Amino acid sequence: MKYALGPVLWYWPTETLQDFYQAAASSSAEIVYLGEAVCSKRRATKMADWMAMAKALAAAGKQVVLTSLALVQSPSELVELKRYVDNGEFLIEANDMGTVNMVAEAGLPFVAGHALNCYNAVTLRLLLKMGMVRWCMPVELSRDWLVNLLTQCETLGIRNRFEVEVLGYGHLPLAYSARCFTARAENRGKDDCQTCCSEHPLGRKLYSQEDQLVFVLNGIQTMSGYCYNLGNELISMQGRVDIVRLSPQGTETLTMVDAFRANETGKHPLSLQSHRQCNGYWRQVAGLELVS
């Protein structure tokens, strides 16, 4: 089993990102995703910066994947996206069907990100024809759904033609919107947001009337309030999942990669009870639940 660091979903300063990926270069993760996946208004880190970090990670032996926006809304975003697709060196993660079409027209392989919401084998077969080499399962699906889907893939004769990746750690991206929830919470319009999400480096917490942390707002993303953690579910992934993705919450996520790897056989279980952690979706129960 391999481990991947997903793209940083928060709006961090360029210097913070550079420090994080410098540390990631010496981590045990085999795969590193990087790039802006949430909002095109987050422009502090330029393409040249991302490419420099990507090349440094590749030089350290990591497989680098450049991620793309999950919601492409304007011609200018398409122009910028084309620059990434034409980078000539690194694999692209497609989080939007427009990106899939662009990569397919260029005849390039791609990773199907979880934001594509691919739920069945027939859709995966179509994406394979377009160049997909890896599928990241939608975050709300369960182990049982994955088992059934892979059985469908066996029937279609495509099971061994792509890698399966599961998001196993981090706040789950549950929904995307053309509106910016973070800006709205501060009574600002999206066009005049002043990138206020930069003031919330780990998102803006949203509590219920019962004081339960239900969601985290991250720009146009609505994320799970609790941190998803499948560190104790790795045995159930054996033979089905090729790559486990950890979504960066800070440099401590690099240590979490080691904790996951150490517990692949269940000999070093992670302690989850004292934290706001959940694994409900994988167990096919309410997402906020933690099933031991």
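Which residue lies over the face of Tyr33, and at what distance from the ring centre? Arg245 does, at 4.0 Å from the ring centre of Tyr33. A charge sits over a ring if NZ of Lys or CZ of Arg is within 6 Å of the ring centre and within 35 degrees of the ring normal.

## Basis of the report

This is a predicted model, in which local features need pLDDT of at least 70 and side-chain atom pairs count only at pLDDT 80 or more, while totals for chains, interfaces and linings use all residues. Residues are numbered from 1 along each chain as its sequence is written, and side-chain values use heavy atoms, with hydrogens and water left out.

## Helix H2

Helices (H or I, at least four residues) and strands (E, at least two) are DSSP runs, numbered from the N terminus. Helix H2 covers residues 47–59, 13 residues in total, and reaches 18 Å from its first C-alpha to its last, close to the expected 18 Å. That expected span is 1.5 Å times one less than the number of residues.

Met47, Trp50, Met51, Met53, Ala54 and Leu57 of H2 are buried. They cover an arc of only 165° around the axis, which puts them on the same side of H2. The arc is that of the directions from the helix axis to the C-beta atoms. On the other side of H2, Ala48 and Ala59 are exposed. Buried means under 20% relative accessible area, exposed over 50%, and partly exposed in between (1.4 Å probe, protein chains only).

The buried residues of H2 pack against helix H1 (14–24), strand S2 (31–34), strand S3 (63–67) and helix H3 (75–85), where contact means heavy atoms within 4.5 Å. After H2 comes Gly61, with a positive phi near 95°.

## Aromatic pairs

Rings of Phe, Tyr and Trp (its six-membered ring) pair if their centres lie within 6.5 Å; planes under 30 degrees apart count as stacked, over 60 as edge-to-face and the rest as tilted. The count by this rule is five aromatic pairs. In one of them, the ring centres of Tyr3 and Phe260 are 6.5 Å apart and the planes stand at 90°, so the pair is edge-to-face. Tyr3 lies in strand S1 (residues 2–5) and Phe260 in helix H8 (residues 252–262), so this pair ties together parts that are 257 residues apart in sequence. Tyr3, Tyr169 and Phe260 form one aromatic cluster.

## Positive phi in loops

Asn117 is not a glycine, yet has a positive phi of about 60°. Asn117 lies in the loop between strand S5 (110–112) and helix H5 (121–130).
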